[in-house]
Amino acid sequence: MKKKAALKRTKKPAAKTKPAKRSSAGASDVWNLRLYIAGQTPKSLTAFANLKKLCEEHLKGKYTIDVIDLLQNPQLAKGDQILAIPTLVRKLPVPIRKIIGDLSNTERVLVGLDLIVST
Amino acid sequence: MARKKTGMVLSGHGLKKAATGIQGLDEITGGGLPRERPTLICGSAGSGKTLLAMEFLVRGARQYNEPGVFVAFEENAEELSKNVASLGFDLNDLARKKKLIIDYVYIERSEIEETGEYDLEGLFIRLDHAIRSIGAKRVVLDTIEALFSGLPNQNILRAELRRLFRWLKDKGVTAMITAESGNGTLTRHGLEEYVADCVIILDHRITDQISTRRMRILKYRGSVHGTNEYPFLIDESGISVMPITSVSLDHPASTEMIATGIPRLDAMLGGKGFYRGSSMLISGTAGTGKTSIAMHLADATCRRGEKCLYLASEESKNQVIRNGRSIGIDLEKWTKKGLLRFHSSRPTFYGLEMHLVSIHKIVNEMSPAVVVFDPISNLTAVGSGAEVQNMLMRLLDFLKFRCITSLCTSLTSGSGPIELTEVGISSIMDTWILLRDNEYGGERTRVMYILKSRGMAHSNQVREFVITSKGIDLVDVYVGAGTVYTGAARVVQELKENAEAVARSQDTGRLQKELDRNRLIMDAKITELRAEFESREEELKNAIRQQEAKEKVLAADRGIIAKTRKADVRK
């Protein structure tokens, strides 16, 4: 219950802050991340926790995370061509990148997000 | 009918089947694919997997009211609709009517970074969403193997595929999964391991530069199925499969007779022609008039208002029509009326099986009363004797089963024995008419005779026939004593006999005249005798009268003398 609440809380501010950040800042300054999950599975929770930690470390203050639960919005799976769960999609900065798995391999995630080069 | 509507077939042990609606496939599977179970379709590139799967969905949606979901891993919806538009499948229309959903799943390895544990729940959710949104009963995954190149972790993938097929069964959808066949294995990634209920193999083989598509049901758990390789055809109306094993000898036998179009040939066959639904073979050497007889039959069929299919493997439609005109047969008017249909194709155009499939298809379409195959002998160009024999036997059985009368012509090479067809099918023919050239006295004449005709009191006379501008006509039987003459020899013989007859009749006249003359002579003589007698009679009568007068005179004289001499009369 506690973790579920945490997920929801993160989603709400993200949705509010998104438009403002996109318009004001350059691509590299805004990190729009989208995490697709299917229910509160251990893998999903692990992935969210890993993502949160990683963003706090590397992208503090300039990222938003949208968590999309496909069990509630199955039609959204088509748009981003989601097959694997969990999938993290980097919507901004372009180009779009996809990272699948529970994000436990931090180094691979950083490579996937192009963060290793930038940091 | 009820079966057709729901597309559901119950076989003996209660295994439910989903009819595909694809011509022939439901026959060889005994009613369709296993309902609510996945079926694996494997084959090499270009073997028709996607098309088969698409037709399964489209026919399901159209004929059986079972909406379908097509999960495409290789082509997007737009490409797919374009590809099958030529087959008359309007995918966009079906999509608008909520009968079909095409979900294009795009996966590109270079865009994906793998970090830790995951599953394919996303795919399940997408599929589930699509199934729910239209109440789909059928699902196609084309080609799910694309996942193997898109996702690096094979262990996860395999576990997920196993779960997927299980899930599809639980969902109660009839699924079709296509897969590329691998090198020596059924599928490149061993999908057959997961889909075990029904496996169909598609094959596109080239023998002697002629390609034939074939289909084989490798396994069908819980159901009887045809085990052969069945040829199939992809054309403008989709896939048609031709079941081979329909060769059973229980076709109906009609007692109705139909005319051949040559009245005197009908007379030879026992009066009225040959049986409806029987098979007739016309064999002969080149130029003996086989095609002409075939055209007569086609003409006679259409004249009765029945449909005729003319399979020409040597000549084009126009050529047959033109040649028909030269012997007074107008086939064009029948084609315009839609009673006669030509199907001209070179035997080498495609394999034997494909010929068979295409003939099946046309026969099913137009259901003719008579099928003319002219000639069958050059099918040997595409197959060995045994293959051709096999194919023709299946064709004839198929036609007989439908009570369709068939006429095949066969060219006999000049050298071999004449009572032998090139393709050795005479034994399966009911009626066999042999045409032959007789060369005698510097001319060739055409003769025909009935070698056999099952169940008919046929003539066993060798008959001469001529091809005139009014068609084929059998010449009168030569009924003179001695051997049978044909052509000029017959004419000569007839003239000779005529001369002899004239001579004989002249002889009789002479005798008659002599008799008449004798009678005249006799009559003349009688008249002469009578005249002679009459003149003599007159003469004698005169003499008698003179004598009597003289006697009277003498008596008178004596009285006078007595008076004078005063002679007394003794008292």
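**Exercise 1.** Is B:Cys302 buried or exposed?

*Solution.* The model is predicted, with local features needing pLDDT of at least 70, side-chain atom pairs counting only at pLDDT 80 or more, and totals for chains, interfaces and linings using all residues. Residues are numbered from 1 along each chain as its sequence is written, chains are lettered from A and ligands numbered from 1 in the order in which they are written, and side-chain values use heavy atoms, leaving out hydrogens and water. Buried means under 20% relative accessible area, exposed over 50%, and partly exposed in between (1.4 Å probe, protein chains only). B:Cys302 has a relative accessible area of 1%, so this residue is buried.

**Exercise 2.** Determine how many disulfides the model contains.

*Solution.* A disulfide is a pair of cysteine sulfur atoms within 2.5 Å. For B:Cys302, the closest cysteine sulfur belongs to B:Cys308 and lies 5.3 Å away, which is too far for a bond. Over all chains, the count is 0 disulfides.

**Exercise 3.** Describe the surroundings of A:Ser44.

*Solution.* Helices are DSSP runs (H or I, at least four residues), numbered from the N terminus. A:Ser44 belongs to helix α2 of chain A, residues 42-58. With a relative accessible area of 2%, A:Ser44 is buried. Contact means heavy atoms within 4.5 Å; beyond its neighbours within four places in sequence, A:Ser44 has contacts with A:Ile37, A:Ala38 and A:Gly39.

Key
Helix = DSSP H or I, 4+ residues; strand = E, 2+ residues; numbered from the N terminus.
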